[in-house]
Amino acid sequence: MQTSPPQSPPIGAIALLMLACFPYFIMLAAILSEAGGDPASYGGEGRMAAAFSELYALASGVLLSIVLGILLLIGWTNGEMPRWAAIGAGVLYPLSVIAAGVAIDLSYYYPGGWLVLVPGLLAPVIALFAMWARLPALHAVLRPDVTSTELLGAIAILILVTPALSYLDELQLPARVARYQEQTEAVMATRAAESAKLTQENEARFQGLTPDSSLWDYINPQRIPDGRDEQAVAGARQVKSRQTDAVLLLREGK
């Protein structure tokens, strides 16, 4: 009885899978780095930053698609992929690359939305399908027909929902922009309150300085209230220990 030759270890497939992780995470990080405000309100620097971010995301997506394409090819040539599944993958894979590219581009028109799910989920599903095909030992547990149908079906669904997610993100954009503005205003109000509190504390501290205070209390630029520079200089001249303090400050590099 003739036996099939043993399968070689999937070292190349595993190496490609690990390599794909780098552009994948860079792509997601670039997409998710968008603040979530209205892109139309970006200033010059904001638009430039968004353009560079989109460039990183698209470039990473292109590199990721190349690696995944090679991984699929290895799964087909060196593994055991059903013929009909190989044909389906050959049709769906280029469509998935287009869908991911469109989703990445539209994610910068509607930041903070659901479109990130398309490139975020397509890559793991494609990688899982390729690795499953490359490891025939798994076919005893994950049957070829059922597994191929489920994974290729998931890829097809992600491709088909791209326009729907784009429309949903467009509808939800005003609400996300308003929520982002509220959060920004809340942060600014908190910072303003903290700044006002610090100003009051510095003013109260400055009012309490006497000739017995240290020289650094008068000349510390971070603790001198606005408009009190002349009074600080005058107070520093009255410090009893100014000569000793000056020597110590010089030794400390201040």
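A: In this predicted model, helices α3 and α4 pass each other in a left-handed crossing. On the α3 side, the contact is made by A85, A89, Y93, S96, A99, A100, A103 and I104, and on the α4 side by V118, P119, L122, I126 and F129. By class, the residues of this contact comprise twelve nonpolar, one polar and no charged. The axes of α3 and α4 are 9 Å apart, and the angle at which the two helices pack is about 155 degrees. Angles over 145 degrees count as roughly antiparallel, and α3 and α4 are therefore roughly antiparallel to each other.

The partner α4 also packs on α5, a helix that spans residues 144-207. The axes of α4 and α5 come within 10 Å and cross at roughly 165 degrees. That angle makes α4 roughly antiparallel to α5. The crossing of α4 with α5 is left-handed. From α4, the residues that meet α5 are L117, V118, L121, L122, V125, I126, L128, F129 and W132. Their counterparts in α5 are P144, T147, S148, L151, L152, A154, I155, L158, T162 and L165. The contact of α4 with α5 divides into 16 nonpolar residues, three polar and no charged.

The remaining pair to be considered is α3 with α5. Here the helices pack at an angle of about 25 degrees, and their axes lie 9 Å apart. Since angles under 35 degrees count as roughly parallel, α3 and α5 are therefore roughly parallel to each other. Their crossing is left-handed. In α3 the contact is made by W84, A85, A89, L92, L95, S96, A99, A103 and L106. In α5 it is made by D145, S148, T149, L152, I155, A156, I159, T162 and S166. This contact of α3 with α5 contains twelve nonpolar residues, five polar and one charged.

A search of the whole structure finds one cavity of 30 Å³ or more. The volume of the largest cavity is about 40 Å³. Its lining consists of L72, A89, Y93, I126, F129, L152 and I155, and the elements that contribute two or more residues to that lining are α3, α4 and α5. The lining of the largest cavity holds seven nonpolar residues, with no polar and no charged ones. Several of these residues also belong to the helix contacts. A89 and Y93 take part in the contact of α3 with α4, as do I126 and F129 from the α4 side, while L152 and I155 are among the α5 residues that meet α4.

The open space is described in the same terms. The largest pocket holds about 210 Å³ of space. It is lined by 17 residues, and those nearest its centre are G61, S65, S96, V97 and A100. Helices α2 (44-77), α3 (83-107) and α4 (117-134) each supply at least two residues of this lining. Of the lining residues of the largest pocket, 13 are nonpolar, four are polar and none is charged. S96 is moreover one of the α3 residues in the contact with α5.

Notes
Residues are numbered from 1 along each chain as its sequence is written. This is a predicted model: local features need pLDDT of at least 70, side-chain atom pairs count only at pLDDT 80 or more; totals for chains, interfaces and linings use all residues. Side-chain values use heavy atoms; hydrogens and water are left out. On a 1 Å grid over the protein atoms alone, a cavity is a set of points where a 1.4 Å probe fits but cannot get out, and a pocket is an open set with protein on both sides within 12 Å along at least five of seven lines; lining residues have an atom within 4 Å of a point. Grid points are joined across faces, edges and corners, and a volume is the space filled by probe spheres set on the points. Helices (H or I, at least four residues) and strands (E, at least two) are DSSP runs, numbered from the N terminus. Ala, Val, Leu, Ile, Met, Phe, Trp, Tyr, Cys and Pro count as nonpolar, Asp, Glu, Lys and Arg as charged, and the others, Gly among them, as polar. Axes are lines fitted to C-alpha atoms, for helices over the stretch in contact, and angles run from 0 to 180 degrees between N-to-C directions. Angles under 35 degrees count as roughly parallel, over 145 as roughly antiparallel, 65 to 115 as roughly perpendicular and the rest as oblique. A crossing is left-handed if the near helix is turned anticlockwise from the far one by less than a right angle, and right-handed if clockwise. Contact means heavy atoms within 4.5 Å.
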